[in-house]
Amino acid sequence: MNKLVIVGTVAFDAIETPFGKTDKILGGAATYIGLATSQFNVDAAIVSVVGGDFPQSYLDLLANKNIDISNLEVVKEGKTFFWSGKYHNDMNTRDTLVTELNVLEHFSPVVPKHYKDAEIVMLGNLHPLVQQSVLDQMHKKPKLSILDTMNFWMDIALKDLLAVIKNVDVITINDEEARQLTGEYALVTAAKKIHAMGPKYVVIKKGEHGALLFHNDNVFYAPALPLEDVFDPTGAGDTFAGGFAGYLAKTGDFSFENMKKAVVYGSTLASFCVQKFGTEQMQQLTSEAVRKRLLQFKELTQFEIILDK
Ligand code: AMP
């Protein structure tokens, strides 16, 4: 089995959607990624930082999912990263209300010894210099490095972001961020420009409209499962990335054909994430529920067509 290193935020989130509002709850890119990868029983470690205000029960929750948190640093006198966002009525777009970096401001990640030879590195949303530092600590180039990012880092650390993007195999990014990064409206053109920046594979997430996978001239599209109950899209992108990375870690096959399946797993897990607030649904998710939904997914997207000669 392939080992997986995950770096990203472990956070407090306060979320407002048209369906309700939460106080500070468990969030963060690495949290969502970790919970998604735990579906695949892979050997995964989270490298991140929290403050002394972070409840032990949240740490236990991650550890109980078999995620190695020995290098999830706790800065006793510091405060945990805090993010707050409010979704518009379309549930696809949101405004960030607050981003408090807190302990992240001076974070220098340490990859556990046992994971320095990990085959896969999942660079979740975090300062690009921290993402690069994780890559630099690996004993040799990982078989697959995947990077996720967001507009926040494009706004404040574009040069560092472009430098780390150059070094990764796969980038997962949402449509608006792809447009911001490239200055291109058409996603096919944006993907081409991102290829030229370094990554051989480009995944563009389109929220409720699914995800696109690009590799040279090959394109694959997976829709998002149409759902009746969408309460909170927070973490859907990270859950997608976690499902994608987790499936690849489990199978160890990094071909385009297998990445298509990884996209389907990512979309399937993300469809659960949005059905409850925060990480609630991902905490309870069973493999049986995932299996059922994968079958639904298959039915939704398969068709036979007879074409005239
Ligand atoms: P997503 O909805 O997939 O974009 O991810 C939302 C998660 O990203 C939330 O749990 C936040 O804690 C986390 N987050 C928000 N802003 C940032 C940021 N600037 N850097 C890293 N993580 C962030």
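How are H8 and H9 oriented to each other, parallel or oblique? This is a predicted model, and I will start with that helix pair.

Helix H8 covers residues 236-251 and helix H9 covers residues 256-273. Their axes come within 7 Å and cross at roughly 140°. Angles over 145 would count as roughly antiparallel, so H8 and H9 are oblique to each other. The crossing is right-handed.

On the H8 side, the residues in contact include Phe240, Phe244, Tyr247 and Leu248. On the H9 side they include Met259, Val263, Tyr265 and Leu269. By class, the contact of H8 with H9 has 12 nonpolar, 6 polar and 1 charged residues.

Now the aromatic rings. The whole structure holds 9 aromatic pairs. One of them is Tyr247 with Tyr265: the ring centres are 4.5 Å apart and the planes are at 15°, so this pair is stacked. Tyr247 sits in H8 and Tyr265 in H9, 18 residues apart, and the pair links distant parts of the chain. Tyr247 is buried, at 11% relative accessible area, whereas Tyr265 is partly exposed at 24%. Elsewhere, Phe12, Phe54 and Tyr58 form one aromatic cluster.

Last, helix H3, residues 128-137. Of its 10 residues, 7 are buried, so H3 is largely enclosed by the rest of the structure. The buried ones are Pro128, Val130, Gln131, Gln132, Val134, Leu135 and Gln137. What covers them includes strands S1 (3-7), S10 (120-123) and S11 (144-148), together with helices H4 (151-156) and H5 (158-165).

Conventions. Residues are numbered from 1 along each chain as its sequence is written. This is a predicted model: local features need pLDDT of at least 70, side-chain atom pairs count only at pLDDT 80 or more; totals for chains, interfaces and linings use all residues. Side-chain values use heavy atoms; hydrogens and water are left out. Axes are lines fitted to C-alpha atoms, for helices over the stretch in contact, and angles run from 0 to 180 degrees between N-to-C directions. Helices (H or I, at least four residues) and strands (E, at least two) are DSSP runs, numbered from the N terminus. Angles under 35 degrees count as roughly parallel, over 145 as roughly antiparallel, 65 to 115 as roughly perpendicular and the rest as oblique. A crossing is left-handed if the near helix is turned anticlockwise from the far one by less than a right angle, and right-handed if clockwise. Contact means heavy atoms within 4.5 Å. Ala, Val, Leu, Ile, Met, Phe, Trp, Tyr, Cys and Pro count as nonpolar, Asp, Glu, Lys and Arg as charged, and the others, Gly among them, as polar. Buried means under 20% relative accessible area, exposed over 50%, partly exposed in between (1.4 Å probe, protein chains only). Rings of Phe, Tyr and Trp (its six-membered ring) pair if their centres lie within 6.5 Å; planes under 30 degrees apart count as stacked, over 60 as edge-to-face and the rest as tilted.
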